[in-house]
Amino acid sequence: MDSRFLPMPVRQLDIGAPTEPKVGQAAPAPQTDESRYQAKATEAAVKFESFFIAQTLHKMRDATKAMADDDSIYKDTINSDMLDMADNMVADQLAGRRAFGVADAILRQLTPPPSPAPASSPENLVFPKKNPD
């Protein structure tokens with residue numbers, strides 16, 4: 001049989017997190033319900049910000065087409081699919097940097113505020129005012 005038609009050997013790819021930590025490597029910290037909720041909320045908030053930015057860019061492009069003259073280059077729809085894809089990629093990059101702050105605002109509403117500092121911390125101590133004599 002010709003070697004060109006033999007099946008390729010199956011190789012295991014080293015993708016993702018290993019199932020067991022390697023020697024000399026710390027085991028991953030166990031995830032709590034709170035940390036899983038925080039991770040899911042953050043992912044959802046960033047995806048929503050990306051969607052929001054993409055919709056804004058699409059509407060801006062549509063408005064430019066609507067306002068353009070009949071012989072304008074902005075009326076041309078030749079590369080509209082590629083421009084939509086580029087808008088989505090730009091939106092993903094901006095949302096990943098949290099450029100608009102939409103994800104941060106959502107996270108402030110979805111996650112509980114940080115617990116207040118204990119009363120013995122220096123920020124919470126109240127010092128009596130001295131009377132100027």
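What follows concerns helix H1 and the residues it meets.

Reply: The model is predicted. Start with the helix itself. H1 covers residues 33-67, 35 residues in total. From first C-alpha to last it reaches 51 Å, close to the 51 Å expected at 1.5 Å a residue.

Next, the buried positions. They are Ala 41, Ala 45, Glu 49, Ser 50, Ile 53, Ala 54 and His 58. An α-helix has 3.6 residues a turn, so residues three or four places apart point the same way.

Glu 49 does have a polar partner in the backbone. A polar atom of its side chain lies 3.0 Å from the backbone nitrogen of Phe 100. Leaving out residues up to four places away in sequence, Glu 49 touches Leu 94, Ala 95, Arg 98, Ala 99, Phe 100, Gly 101, Val 102 and Ala 103.

Arg 98 pairs elsewhere. Its salt bridge is with Asp 104, with the closest N and O atoms 2.9 Å apart. Arg 98 is partly exposed at 30% relative accessible area. Asp 104 is also partly exposed, at 26%.

Val 46 is another H1 residue. Beyond its neighbours within four places in sequence, Val 46 contacts Ala 95, Gly 96, Arg 98 and Ala 103. Its C-alpha is 9.1 Å from that of Ile 106, a residue 60 places away along the chain.

Now the salt bridges that involve H1. The whole structure has 4 salt bridges. One of them joins the side chains of Asp 33 and Arg 36, at 2.5 Å from N to O. Both residues lie in H1, 3 residues apart, about one turn of the helix. Asp 33 is exposed at 60% relative accessibility, while Arg 36 is partly exposed at 36%.

Another salt bridge links Arg 61 and Asp 87, at 2.8 Å from N to O. Arg 61 is in H1 and Asp 87 in H2, so this pair ties together parts 26 residues apart in sequence. Arg 61 is partly exposed, with a relative accessible area of 28%. Asp 87 is buried, at 6%.

Definitions and conventions:
Residues numbered from 1 in each chain as written. Predicted model: local features only at pLDDT ≥ 70, side-chain atom pairs only at ≥ 80, totals over all residues. Heavy atoms only, no water. Helix = DSSP H or I, 4+ residues; strand = E, 2+ residues; numbered from the N terminus. Expected span 1.5 Å × (residues − 1). Buried < 20%, exposed > 50% of the residue type's maximum accessible area, 1.4 Å probe, protein only. Contact = heavy atoms within 4.5 Å. Polar contact = N/O pair within 3.5 Å; in protein donor to acceptor, adjacent residues only side chain to side chain.
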